Every structure is written in structure tokens, then in C-alpha cells.
Amino acid sequence: MLITLLLFLLSAVTIYLACEYFVNGIEWTGHHFKLSQSATGSLLAALGTALPECIVTLTALLMGDAPAQQQIGIGAALGGPLVLATIGYAAVGVTLLLCMSREHRAIDGEVQREIGRDQAWFVGIFLVAVALGMVAFTGKTWLAPLFVLVYLVYVRRELKQTDSHEVELPEPLKLDPGAEIPALGKVLLQTLVALVVVALAAQLFVHQLESMGELFGLSPVLAALLLSPVATEMPELMNVLIWVRQGKHRLALANISGAMMIQGTIPKAFCLLFTPWLLDSTMMVSSLVTLLAVALLWWGFSRERMTAGRLAWVGLIYLGFCGWLVMG
């Protein structure tokens, strides 16, 4: 138990430190490719940090045809969006409340509208996925490419985004702090090495959390719905903490919304390809809780009424779901 706890803490610290290098490299990557802050967060950062979740889902699905293993894969695919829509956005709110003065907590109206549009996209995609999980029919596998196509359309939309005001240069590249504009090669090297460290540390974090779940007597499906998503979302949560502390709310929020778009499409495509994609009662409740959280987020962001405090309260939805699972 002591070794598990030590490895758990070591992996968490490693993820945070590696994310410091990753977000710094990602910002410079976006600068070199002339991407908006929204696209940098929702595409580059989200693609990198969403890899652990996608790997966990795909690995669980490919390890065998056992129904229990398929349930774990489906649980991981559903748990990721749930954690991002609740704990992810709550982390932004809590960090704003703890680290920013009252006048610096406000979320820009343009940013709120952008995130609101992302939530609307996600709701549409997720509703289709849940509807497919309620019925059984032949040919469901052939719908998998449609989810990938939807994500590519989202990517195209994000690439067209432009910043409405001039954006300051990122902080000096940690690999080359003396350079005003670091070379692209050094930027990519720092970003990729940091990403590899994040991915390896996230896997170690997942294994330790799963071991703790076994010690506490959680079933594999409960672990897939509760523990695994929290562990694999650690890179996004660390990015949020770093960017919000730096006053870069747009990058933090875009990272979460972009990761949600990936989680709403790519893992679902995997599940359609390798499982019958039929949701049991627990998974349906998980899906409904996710939709509830996203509906509240969409309402707040689209009307430009989302505040740090309201974001922080969204995390209670996840805690309520956890309580229902444990008590049930």
C-alpha cells in the first residue's frame, strides 16, 4: 500500500512538471504555425493530452472479447467526457477563485461564446452516441467513421478561428530560454519529449489508481467509470492549473472543450468498431449526468453568464454521481 501511494504521488508530480514543459512548447508550436489561442488549446494541446484516454479505451477493447473487458472499454469511453464536463471545468473555476483577484476572474464574453458553441457540438454528438447505445441492429459498426468525420469537421472549423486581438508572445522556451523566437526544431523536441513523459507518467498513475481501487473493493466497471477517467484526464487538469495561474483562461478552457470533442468522437468510434455498443443502466445514468453537466455549461457559456463560482459548482455533479455509484 505504501509503495502504491508513493508511486501515485511520484507520477502526479511528474505529470505536473512535464505539463509545464508541454504547455510551454504547445504555445510556441501554435505561434510558429500561426494558430489562434483557441485552436492551440482545443487542437494541439487537446490532441496531445487526450492520447492517454484513447489508449486506455483502445487497449481495453483489444485485450479480448470478454464482455467484462468490453464493459471496461465502454466505461472508459463514457467516463472521460463526464470527468471533463464536471471536474475539468470545476478545476478552472476553483483555480480562478484561489489564484486570481476578483477583477481577474472574469471570463471574456468572446471566449464564453466559443466554449458555448463547443458544448452545443458535443451535446449533438453525444446524444447520437447514447441513442445508438440504446438499440441493437446490424451494421452499427459502419457508423464508426462518421464520428471520426465529425471530429475532422470540428478541426477544420477550429483552424479557421482567428484571435480578435494581438496575443503576447509565450514565455521563453524552457529548452532555449535565451532565444526571443526559438527554433521550431527545439520547440517540437521539447513538446514531444514532454508529451512522452506525460503519457508514461499518466499510465503509471492509472495503474496505481487501479490498484487502490482493488484495495477498496471497487468492481472493474466502477473503476473504469470513476478512477480511470480521473487518472487519464490528469494531463488536462494539470494544463488547466498551469494556464489559469498564468492568466490564460482561453487556452485552459479551449483545452478542456477540445478534449471533450475528442472524447465524444474517437473513443466512440473505437467502441462501435469493437463492441456491440449497448449501454447498461449504470452507463445510461453516467451518460445522463454528462448531458446534464454539459447542458448547464452550454446555458452559462452561450449566455455569457458563466463565472468562476458557477464553474466550481459543476464539480458537485460528479461528486453526486460518485456517491450514487458507491451507495448503489
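1. **What you are looking at.** The model is predicted, so to speak of local features a pLDDT of at least 70 is needed, side-chain atom pairs count only at pLDDT 80 or more, and totals for chains, interfaces and linings use all residues. Residues are numbered from 1 along each chain as its sequence is written, and side-chain values use heavy atoms, with hydrogens and water left out.

2. **Salt bridges overall.** Side chains of opposite charge can pair when their charged atoms come close. A salt bridge here is a side-chain nitrogen of Lys or Arg within 4 Å of a carboxyl oxygen of Asp or Glu. The whole structure holds seven salt bridges.

3. **Arg250 and Glu114.** Helices (H or I, at least four residues) and strands (E, at least two) are DSSP runs, numbered from the N terminus. Both Arg250 and Glu114 are buried. The words for exposure have cut-offs: buried is under 20% relative accessible area, exposed is over 50%, and partly exposed lies in between (1.4 Å probe, protein chains only). Glu114 has a relative accessible area of 6%.

4. A network of salt bridges links Glu110, Glu114 and Arg250. Leaving aside residues up to four places away in sequence, Glu114 touches Ser38, Gln161 and Arg250, where contact means heavy atoms within 4.5 Å.

5. Arg157 is buried at 18% relative accessible area, and Glu158 is buried at 1%. Lys186 pairs with Asp176, with 3.4 Å between the closest N and O atoms. Lys186 lies in helix H7 (residues 184-215) and Asp176 in the loop between helix H6 (144-159) and H7, so the pair ties together parts that are 10 residues apart in sequence. Lys186 is partly exposed at 39%, whereas Asp176 is buried at 19%.

6. **Spans from the UniProt record.** The unreviewed UniProt entry places "transmembrane region" at several spans, including residues 120-153 and 308-327. UniProt positions follow the numbering used here, feature names are shortened, and annotations may be inferred rather than shown by experiment. The end C-alpha atoms of residues 120-153 are 14 Å apart, and that span is 68% helix and 0% strand. For residues 308-327 the ends are 30 Å apart, with 100% helix and 0% strand.

7. **Met238.** Met238 belongs to helix H9 (residues 234-245) and is buried at 12% relative accessibility. Although Met238 and Glu20 are 218 residues apart in sequence, their C-alpha atoms are 8.4 Å apart in space. Beyond residues up to four places away in sequence, Met238 touches Ala12, Ile15, Tyr16 and Cys19.

8. On a 1 Å grid over the protein atoms alone, a cavity is a set of points where a 1.4 Å probe fits but cannot get out, and a pocket is an open set with protein on both sides within 12 Å along at least five of seven lines; lining residues have an atom within 4 Å of a point. Grid points are joined across faces, edges and corners, and a volume is the space filled by probe spheres set on the points. There are two cavities of 30 Å³ or more. The second largest cavity has a volume of about 40 Å³, and Glu114, Glu158 and Arg250 are among the residues that line it.

9. **The largest pocket.** The largest pocket holds about 710 Å³ of space. Its lining has 28 residues, and the closest to its centre are Gln37, Val167, Glu168, Lys248 and Leu251.

10. **Two backbone angles to check.** Most residues other than glycine have a negative phi. Lys34 has a positive phi, near 55 degrees; Lys34 sits in the loop between H1 and H2 and is exposed at 74%. Glu304 has a positive phi of about 60 degrees and is partly exposed at 38%.
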